[in-house]
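I went element by element and kept each entry to what I could read off.

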Amino acid sequence: MISLIRSEIYKIRKQSKTLYALAAILIIEGFVIVSAYYQGAGIIDLLLANLKDSFEFKGNLLNGNLIIYLILNSLWFHIPLILMIIISGFLTSEYKDRTLETVMLQPVGKLNFILSKYVVSIVFTLLIVLLLAVSTFLVSYWIFGRGDLVVYLDGLNFFKSDEAFYRLIYAFVSGANSMIFFSVVSLTLAVILKDATKTWIVSAIFLICSNLLLKIDFQNEFLNELFFSKLTDSWQYFFYYKIPYSTIYFKNFMLFGYTLITMIIGIIIFKRRDIQV
Amino acid sequence: MILEARNISKSYGSLEVLKNVTLECHKGKIYGLIGANGTGKSTLFRILLGLIKADGGSIEINSQGIKPIGGIIEKPALYGYLSAYGNLKVFARSQGLNLTKELYSQSMQQVGLSTKRTDAVNNYSLGMKQRLGLAVALLNNPDCIVLDEPFSGLDPMGIIALHELIKKLSRQNQITIIISSHIVGELTDLCDTLCILNGGEIIKKGPAAELLNDSVTTYKIVGNNLEMSEVLQSINAIFSKKSAFVSPKMISISEILQKLIEEGQEVTACIPQTDLKALFGGEKI
């Protein structure tokens with residue numbers, strides 16, 4: 001199993017699409033930073049126009065913490081989409097190039113093989129989120145400096161600079177769990193569909209539907225609390241004035257359960273199916 | 001016996017691809033599986049290699065090794081973005097084998113590839129990919145190798161080189177080799193035993209030379225002025241340029257050749273023509 005994981009990591013390191021994934025993440029980050037640099041002040045003025053009539057604001061609200069928060073919001077769609085495309089490719093490319101057959105012609109168990117794919121996908125996801133977080137903090141603080149964070153979430157919430165720092169870090173940690181869920185879903189879709197294009201399309205639809213369903217009230221307490229799409233936004237809860245820790249823990253725990261179930265489904269399907277590419 | 005497959009059957013829906021196929025292979029021998037496209041060769045090989053499950057039957061491989069059987073299905077599937085070393089490293093590592101420099105050199109040498117090339121396998125010719133695929137299949141020293149259509153797409157020199165390599169592996173390393181092809185000529189000189197697969201069944205099995213002799217109904221006789229020969233005219237030979245095609249019925253080919261010499265004809269060659277219909281059992285192809 002360890003040697004299979006090492007072999008998977010070696011392949012990922014050598015593939016050019018890994019570099020494309022890293023480049024895509026950094027481009028999104030750069031795009032947000034450049035937009036904020038040129039247009040951020042105007043947007044904040046517009047957002048706070050009414051409040052400025054009644055309150056006096058000191059310091060610069062267009063600071064590193066706000067930029068990090070804006071980049072953090074790429075966890076809604078951009079980052080999971082990139083992750084789903086890259087991670088499903090870990091398996092679909094093996095189907096397309098028929099290398100899966102060659103691997104399975106070696107004394108390699110199906111369970112160990114697919115399990116190593118899942119493990120490597122989770123590690124890859126964590127590394128991508130870590131890269132995003134570290135680079136975002138470094139570049140945002142370097143260019144924009146530190147300052148208080150203003151966030152609009154059921155109203156305007158203001159956080160002092162130090163408090164904003166740890167809330168942002170926790171949000172990245174919680175967001176990583178959501179990203180793992182989407183990555184595991186994409187790999188399971190790859191197991192089912194085998195074909196890259198079909199997997200990308202279904203993954204994108206899954207992501208869009210998941211985001212849409214998050215906003216829909218099912219008029220049912222059970223579904224509203226336990227349906228998977230309602231569990232992927234726990235990282236946003238760190239920006240309520242009072243952090244609802246119990247809700248965050250519950251959502252993360254349940255989402256991890258969904259991740260495990262999705263993984264088990266993928267493993268069972270892969271194990272039962274013939275290797276036919 | 002190194003491999004024993006008994007009564008293997010496989011269906012896809014209502015289509016019966018394999019019907020009670022039995023195959024017995026001995027150590028160090030080369031077995032050829034001949035059949036037209038779509039007769040179930042690849043399906044049988046995939047079952048032997050454990051890639052797909054048979055609906056019925058049993059497979060027994062008498063090997064104590066980590067890897068009892070290896071093989072290549074259709075064209076070799078390798079990681080095109082990796083070098084030969086990278087590919088061998090990935091496949092070795094996946095089976096818990098440490099690819100040392102010595103093992104790498106030995107693996108490449110065994111299949112006649114140079115260790116000097118460090119570029120991506122995407123740049124390799126099909127023949128080189130076949131050799132590298134074979135090196136991957138030979139990792140961990142399997143007792144049996146299955147090669148599905150290994151000559152497909154190779155140029156004549158490539159075919160000869162692969163023939164030599166397969167013979168070497170069989171004779172020197174005592175590896176049992178099972179090869180499939182839909183082209184009879186590719187396997188005749190190579191295999192000890194031939195199996196004819198038609199309509200999902202092995203319809204004939206036996207020593208390659210014997211099986212082919214039984215399926216020879218026509219001979220191509222090459223020589224000068226053959227159309228003038230009364231012997232050939234009397235047995236209704238078909239003439240074409242400097243050759244004549246004869247299908248002896250009442251007399252044997254040796255008697256025909258004897259009479260041609262007596263007649264003063266200059267015969268330069270006599271080539272047996274395998275009757276594919278007779279070999280493949282006629283209708284079901």
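**Entry: strand β3 of chain B.** I began with β3 (residues 30-34) of chain B and, keeping in mind that this is a predicted model, I asked how many of its residues are buried. I found that five of its five residues are buried, so the strand is mostly covered, a residue being called buried if 20 or more other C-beta atoms lie within 10 Å of its own. Both faces of β3(B) are covered, with B:Ile30, B:Gly32 and B:Ile34 on one side and B:Tyr31 and B:Leu33 on the other. I noted beside this that in a regular strand the side chains alternate between the two faces of the sheet.

I then looked up the partners of the strand. β3(B) runs parallel to strand β7 (residues 176-181) of chain B and is joined to it by five bridges, and the bridge partner of B:Ile30 in β7(B) is B:Ile177. β3(B) also pairs in the parallel sense with strand β8 (residues 193-198) of chain B, over four bridges, where B:Tyr31 has B:Thr193 as its bridge partner.

**Entry: the nonpolar cores.** Which residues touch the most other members of the largest nonpolar core? I found B:Val146 and B:Ile177, out of 131 residues in that core. The element that gives the most to this core is helix α8 (residues 161-193) of chain A, with 15 residues. For B:Val146 I listed the contacts beyond four places in sequence, which are B:Phe45, B:Leu48, B:Leu49, B:Ile69, B:Gly71 and B:Ile178. I also recorded a second, separate core of 10 residues, whose members include B:Tyr219, B:Ile221, B:Leu226 and B:Val246.

**Entry: helix α2 of chain B.** I turned to α2 (residues 84-94) of chain B, which is mostly covered, with eight of its 11 residues buried. The buried residues are B:Ala84, B:Asn87, B:Leu88, B:Val90, B:Phe91, B:Ala92, B:Arg93 and B:Ser94. What covers the buried residues of α2(B)? I found that the cover comes from both chains and includes α1 (2-14) and α6 (99-104) of chain A, together with α3 (101-110) and α4 (126-137) of chain B. Just after the helix, B:Gly96 takes a positive phi of about 70 degrees.

Entry: The domain assignment of chain B gives domain 1 (3-212) and domain 2 (215-279). The centres of these two domains, taken over C-alpha atoms, are separated by 38 Å. The contact between them takes four residues from domain 1 and five residues from domain 2, and the touching side of domain 1 divides into four nonpolar, no polar and no charged residues.

Entry: I next traced an open sheet of four strands in chain B, with the order β11-β12-β10-β13 and antiparallel pairing. β11 (238-240) and β13 (267-274) stand at the edges with a single partner strand each, so one side of each is left without a neighbour in the sheet. Neighbouring strands of this sheet are turned by 20 degrees against each other on average, direction ignored. β11(B) pairs with β12 (residues 243-246) of chain B over three bridges in the antiparallel sense, and B:Ile238 stands opposite B:Phe245 in β12(B). Helix α9 (residues 253-262) of chain B packs on the sheet and touches β10 (216-223), β12 and β13, its direction making about 160 degrees with that of β13(B).

Leaving aside neighbours within four places in sequence, B:Ile256 is in contact with B:Val231, B:Ile235, B:Val246, B:Pro248 and B:Ile251.

Methods:
Residues are numbered from 1 along each chain as its sequence is written. Chains are lettered from A and ligands numbered from 1 in the order in which they are written. This is a predicted model: local features need pLDDT of at least 70, side-chain atom pairs count only at pLDDT 80 or more; totals for chains, interfaces and linings use all residues. A residue is buried if 20 or more other C-beta atoms lie within 10 Å of its own, exposed if 12 or fewer, and partly exposed in between; C-beta atoms are placed from the backbone. Helices (H or I, at least four residues) and strands (E, at least two) are DSSP runs, numbered from the N terminus. Two residues are in contact if their C-beta atoms, placed from the backbone, lie within 7 Å. Two strands pair if DSSP finds at least two bridges between them. Axes are lines fitted to C-alpha atoms, for helices over the stretch in contact, and angles run from 0 to 180 degrees between N-to-C directions. A nonpolar core is a set of buried Ala, Val, Leu, Ile, Met, Phe, Trp, Tyr and Cys residues joined through C-beta atoms within 7 Å. Domain bounds come from an automatic or database domain assignment. Ala, Val, Leu, Ile, Met, Phe, Trp, Tyr, Cys and Pro count as nonpolar, Asp, Glu, Lys and Arg as charged, and the others, Gly among them, as polar.
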